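Please keep the sequence and the 3D view at hand while reading.

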Amino acid sequence: MPLLDETFGIGDLARLTGVPVRTVRFYCDEGIIDSVRSTGGHRRFDRAAVERLGLVRRLRRLGLGLPSIRQVLAGERSVAEVVAAERAALDVQAAGLAWRRASLRAVEEAGPADRAARLELLAAVDNGAAARDALIGFWRRATAAPVSEAMLTAFVTMAVPEPPTDPTPSQVVAFAELYALAGDRALTRGLLAMARDNAELVADQDELMSGISEACALAGPMVRAGEPPRVGHELDRFVAAHAAVRGGRDTPRFRCGLLAHVAADRVPRMRRYWRLVAEAGGSPVTLGTSHLWLTDSLERSVRAGGAAEAGSGKPRAQPPSARGPAPVPGSCRVSG
């Protein structure tokens with residue numbers, strides 16, 4: 001305990017630190033600052049109280065609350081830790097404000113005939129993080145096949161865009177529309193049916209997804225350049241990925257059956273989903289846009305009568321006993 005003649009009165013402490021007397025009293029009552037009492041009952045403070053109160057003042061000016069400051073003073077957390085936590089909390093608040101601002105702009109910019117519908121659409125989504133969580137849940141529900149957690153996580157990362165920290169009105173609208181699609185039960189049922197077919201026919205789901213990812217990577221430059229779907233080595237790799245895990249071989253009949261199998265990926269709502277992903281994420285080339293380009297290329301191949309030898313000029317030498325997905329009756333009567 002310091003000697004009284006080595007201490008400061010509350011007024012002196014207030015002048016030394018720039019903290020008002022009433023605030024010093026509050027900190028004393030809250031146990032933030034220690035004091036001793038003189039014989040007359042007045043509070044007295046030592047040199048450590050000056051340093052302690054100076055630290056409290058600086059942390060308060062940065063917006064930190066008393067619970068965090070108490071943890072620093074007690075040695076439970078460092079200044080760096082509480083500052084980082086406060087900054088992270090501000091990041092969340094700033095993202096929420098940016099989302100709200102973009103949403104308000106989107107409603108403001110809508111035409112009179114569309115404003116009510118847009119308002120309803122945007123009101124369903126609180127923020128980008130909530131929309132992203134809903135999309136992740138959508139894909140997890142739509143995946144019935146036994147895929148490893150690592151592969152599923154990798155797919156979801158590609159299929160669900162990260163909300164931008166400062167979204168544009170069009171990005172907010174895109175996320176809101178994606179959120180609405182994620183609640184479409186008919187769309188989920190179609191994807192689930194395809195996933196169940198895969199579970200029955202595909203020997204290794206991870207191998208299939210890996211092969212499709214490679215084919216999508218090959219197709220990416222074509223999508224970026226705006227090239228129309230075509231028969232080529234990108235499509236060959238896509239078909240080969242499916243044939244390898246189905247015990248099949250690349251033939252016109254196999255391609256016909258594969259086109260029927262991927263029909264759920266090509267419905268207008270899924271096309272809309274991938275266009276929205278590209279808009280929300282700010283990139284025209286995504287896993288989905290590349291996959292659509294490949295399935296459209298597959299349709300072109302089937303329309304032309306199949307192209308098992310496409311890209312190589314030679315039929316693929318695979319065991320004649322290997323089987324592929326049987327074509328659905330009428331499934332290869334592709335319409336214009």
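Helices (DSSP runs of H or I, at least four residues) and strands (DSSP runs of E, at least two residues) are numbered from the N terminus. Serine 290 lies in helix 15. The model is predicted, and local features need a pLDDT of at least 70, side-chain atom pairs count only at pLDDT 80 or more, while totals for chains, interfaces and linings use all residues. Residues are numbered from 1 along each chain as its sequence is written, and side-chain values use heavy atoms, with hydrogens and water left out.

**The chain as a whole**

The chain has 15 helices and 3 strands. Of its 336 residues, 42% are buried; buried means under 20% relative accessible area, exposed over 50%, and partly exposed in between, with a 1.4 Å probe and protein chains only. Contact means heavy atoms within 4.5 Å. Among contacts between residues at least 6 apart in sequence, 70% join residues at least 24 apart.

Serine 290 counts as buried because its relative accessibility is 2%. Leaving aside neighbours within four places in sequence, serine 290 is in contact with Cys216, Ala219, Gly220, Val223 and Val285. Just after helix 15 comes glycine 305, with a positive phi of about 100°.

Glycine 247 follows helix 12 and has a positive phi, near 65°.

The 3 strands form an open sheet in the order 1-3-2, with antiparallel pairing. Strand 1 (8-9) and strand 2 (36-37) stand at the edges with a single partner strand each, so one side of each has no neighbour in the sheet. Two strands pair if DSSP finds at least two bridges between them. Strand 1 is joined to strand 3 (residues 43-45) by 2 bridges, and phenylalanine 8 stands opposite phenylalanine 45 in strand 3.

**Valine 56**

Valine 56 is in helix 3 (residues 47-61). It counts as buried because its relative accessibility is 0%. Not counting residues up to four places away in sequence, valine 56 touches Tyr27, Ile32, Ile69 and Leu73. Between valine 56 and isoleucine 33 there are 9.2 Å in space, C-alpha to C-alpha, and the two are 23 residues apart in sequence.

**The cavity**

On a 1 Å grid over the protein atoms alone, a cavity is a set of points where a 1.4 Å probe fits but cannot get out, and lining residues have an atom within 4 Å of a point. Grid points are joined across faces, edges and corners, and a volume is the space filled by probe spheres set on the points. The structure holds 1 cavity of 30 Å³ or more. The largest cavity has a volume of about 530 Å³. Its lining has 28 residues, of which Phe155, Met194, Asn198, Met209 and Asp265 lie nearest its centre. Helix 8 (149-159), helix 10 (185-201), helix 11 (205-224), helix 14 (268-281) and helix 15 each give two or more residues to the lining. Helix 11 gives the most, with 5 residues.

How values were computed
On a 1 Å grid over the protein atoms alone, a cavity is a set of points where a 1.4 Å probe fits but cannot get out, and a pocket is an open set with protein on both sides within 12 Å along at least five of seven lines; lining residues have an atom within 4 Å of a point.
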